[in-house]
There are 2 protein chains.
Amino acid sequence: MGTARGACNEGTGAPFTFAAARVKPLPVQQGKLMTQYDVLCIGNAIVDIIARAEDDFLRQNNIIKGAMNLIDAERAELLYDRMGPAVETSGGCAGNTAAGVASLGGRAAFFGKVADDTLGDIYRHDIRAQGVAFDTGALNGHPPTARSMIFVTPDGERSMNTYLGACVELGPEDVEEDKAAQSKVTYFEGFLWDPPRAKEAIRETAGVAHANGREVAMSLSDSFCVDRYRDEFLDLMRSGTVDIVFANEDEAKSLYQTADLETAREALAADCRIAVVTRSEKGSMIINGSGAHTHVDAHDIDRLVDTTGAGDLYAAGFLYGYTKGMDMEACGRLGALAASVIIQQVGPRAQISLRQAAIDAGLIRG
Amino acid sequence: MGTARGACNEGTGAPFTFAAARVKPLPVQQGKLMTQYDVLCIGNAIVDIIARAEDDFLRQNNIIKGAMNLIDAERAELLYDRMGPAVETSGGCAGNTAAGVASLGGRAAFFGKVADDTLGDIYRHDIRAQGVAFDTGALNGHPPTARSMIFVTPDGERSMNTYLGACVELGPEDVEEDKAAQSKVTYFEGFLWDPPRAKEAIRETAGVAHANGREVAMSLSDSFCVDRYRDEFLDLMRSGTVDIVFANEDEAKSLYQTADLETAREALAADCRIAVVTRSEKGSMIINGSGAHTHVDAHDIDRLVDTTGAGDLYAAGFLYGYTKGMDMEACGRLGALAASVIIQQVGPRAQISLRQAAIDAGLIRG
């Protein structure tokens, strides 16, 4: 436990078997197999448009609170007309995780589809400027880059309204096999089951990753998303396509259609090698396949501003620690710290250096 | 003192003389001349792109710290390439002031030129969603909506790099005379002397305002801007085109080319009816033409995050109070409060209700 399986490929110089014939040979440097990236993230490339709103606004506009509500172009226009003054920031769950890993000092890459437009330019700039390798080709023409209108209520909870736009065009042709082969962990979001062909890209990437001795992680993303794709998500776990699962409490319960967290915990232990259940201010629970589990406290905060990106940044902290060989509890603490930073600001991309925050908290050495 | 001169037009039902023949008749409701707006703001309509940077970055890129650096399209591209992950928010000095007045519960209008593009849509949405009347026609085609890349250093100071884009097309044809006639105060930014024809729009608007018994205010904007247009700014004041002047300490000193604040204070008292000099943590000084001046302390803050918009929001608070008939000290306190809110967040548009903040601080009644 606590050491990324993929990491054992580093420095062995041992001959390497390519399970899938179509996987390109990896670049070899001084006899070593290169591990170019700690974490490869795959997700919907979305620009967030964030505004404050009262709970009444959500009710009046039939927005499910705390959820990711999928919307079409017409509803996007309607909601934007009704939305208050907003700020724009790059977002998207897995993109946030990639940015978080990079902010912690990890090596991250990202696959996701933007369009060749202003929001797409902003998205590409922000993720690259954070040091994340991002080379997915932009879509020419319609639909435009995805946007999510996020309403943050006075309790800090975020309710997302996502127009998928160009994300619907992500497909297996966007898989960069060298990055999948050279990343210790490939991490993707369950939201990728919404666009039509992204799941094909995921299955292909996971195949390349496993063929190269790497690990695959996923986030269950949203309890309604779990409800839409429960059987497929369970199959991903039970077939071994996914090794590590991130879920919040609602998602874990939704997956197994239970109101009881213990039931969900036991089922998760049976279905995947590592599962992490985040529980907001109650902390998080790290479960391994042997049934053991570790509790990690939430990190203290001064003031809850906006929960957007909390789960994504927890995953970033956890995966950074995991790919650096830290033990489960240390991974969870880094996740809790990164989440605590992000919920004290507006938007899901850290406005301060997470690495510095982790050093200041004594969780990593400077 | 303390009562907007324009306000005396309300409720008199007196016959009204139009000094300029081309001024359209004002709508009259139940025998009263309508005062539709408290403050009409005119300025460059700019989307801010804000990122953190170290002081070294400013030096390496020849960015004058704390200033507004004008840049062309080529340099905009170069700096964006070098800029870290950013957030986008509507900005522009006078636009920020309009948004601030509206957030305080005042009635605000805005003139400014965006292009018919994504950033222009964002700009129009944000200012209208704040309740500001904004109807300036968008520019079709090139150049695109203005943007300012703002680097915030660890001390919280902002250094702006502005590509004026569509703002260069603002001209007298964009003056909505009814709004100028119906606003208690017309407020514009000195930065409008950079684009070629905006000054014509200002002179025309000021003429309409004064012809309708209203007042005209300006911000000196930036000490380098003052250096570019010193004689014209002094002429605006001395000719009575401008009644109220907002300046920070550097701008006031630059205007009179003196290192001595007292010298600047005396000159301001001679040159305009009311002058307000903001002095960051040292508070502000309100000077009237009779030579009397009032000191107002800065409002306490917990943590300085980003000074972007501090002066703009001071003006918003001051002008809100002024158009509501408050005394000078109360106006200054509202300005200090609004500025204190804005420097504790990223970006120049308040993410909380300024009205609520002013009520909580006991400065206005709920």
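**View 1. Packing of helices H10 and H11 of chain A in the predicted model.** In this predicted model, helix H10 of chain A, residues 310-323, packs against helix H11 of chain A, residues 328-342, at an angle of about 145 degrees, and their axes lie 7 Å apart. The crossing in which H10(A) passes H11(A) is right-handed. Residues that H10(A) brings to the contact include A:Leu313, A:Tyr314, A:Phe318 and A:Tyr322, while among those from H11(A) are A:Leu334, A:Leu337, A:Ala338 and A:Ile342. By class, the residues of this contact divide into 16 nonpolar and 4 polar, with no charged residue.

**View 2. The relation between chain A and chain B.** Chain A is superposed on chain B by a rotation of 180 degrees with 0.0 Å of shift along the axis, at an RMSD of 0.0 Å, and the two copies are thus related as by a two-fold rotation axis. Of the residues of chain A, the one that comes closest to this rotation axis is A:Glu88, whose C-alpha lies at 2.4 Å.

**View 3. The interface between chain A and chain B.** Contacts across the interface involve 22 residues of chain A and 22 residues of chain B; strand E6 (87-90) and helix H4 (118-129) are the elements of chain A that give two or more residues to its side, and H4(A) supplies the largest share, 6 residues. The side of chain A that touches chain B comprises 10 nonpolar, 7 polar and 5 charged residues. Because 100% of the interface residues of chain A are also interface residues in chain B, the copies meet through the same surface. Strand E6(A) pairs with strand E6 of chain B, residues 87-90, in the antiparallel sense over 3 bridges, and within this pairing A:Thr89 stands opposite B:Val87 of E6(B).

View 4. Strands E14 (residues 274-278) and E15 (residues 284-288) of chain A run antiparallel and are joined by 5 bridges, and A:Ile274 has A:Asn288 of E15(A) as its bridge partner.

View 5. Among the buried residues of H3(B) are B:Cys93, B:Asn96, B:Thr97, B:Val101 and B:Ser103. Just after H3(B), B:Gly105 takes a positive phi of about 105 degrees.

**View 6. The surroundings of B:Ala45.** B:Ala45 is placed in the loop between strand E3 (37-42) and strand E4 (46-52) of chain B, and is buried, with 30 other C-beta atoms within 10 Å. Leaving aside residues up to four places away in sequence, B:Ala45 touches B:Gly92, B:Gly95, B:Gly112, B:Lys113, B:Val114, B:Tyr123, B:Ala146 and B:Cys167. B:Lys282, which is 237 residues from B:Ala45 in sequence, is 30 Å from B:Ala45 in space, C-alpha to C-alpha.

Definitions and conventions. Residues are numbered from 1 along each chain as its sequence is written. Chains are lettered from A and ligands numbered from 1 in the order in which they are written. This is a predicted model: local features need pLDDT of at least 70, side-chain atom pairs count only at pLDDT 80 or more; totals for chains, interfaces and linings use all residues. Axes are lines fitted to C-alpha atoms, for helices over the stretch in contact, and angles run from 0 to 180 degrees between N-to-C directions. Helices (H or I, at least four residues) and strands (E, at least two) are DSSP runs, numbered from the N terminus. A crossing is left-handed if the near helix is turned anticlockwise from the far one by less than a right angle, and right-handed if clockwise. Two residues are in contact if their C-beta atoms, placed from the backbone, lie within 7 Å. Ala, Val, Leu, Ile, Met, Phe, Trp, Tyr, Cys and Pro count as nonpolar, Asp, Glu, Lys and Arg as charged, and the others, Gly among them, as polar. Copies are superposed by least squares on the C-alpha atoms of residues with pLDDT of at least 70 in both. Two strands pair if DSSP finds at least two bridges between them. A residue is buried if 20 or more other C-beta atoms lie within 10 Å of its own, exposed if 12 or fewer, and partly exposed in between; C-beta atoms are placed from the backbone.
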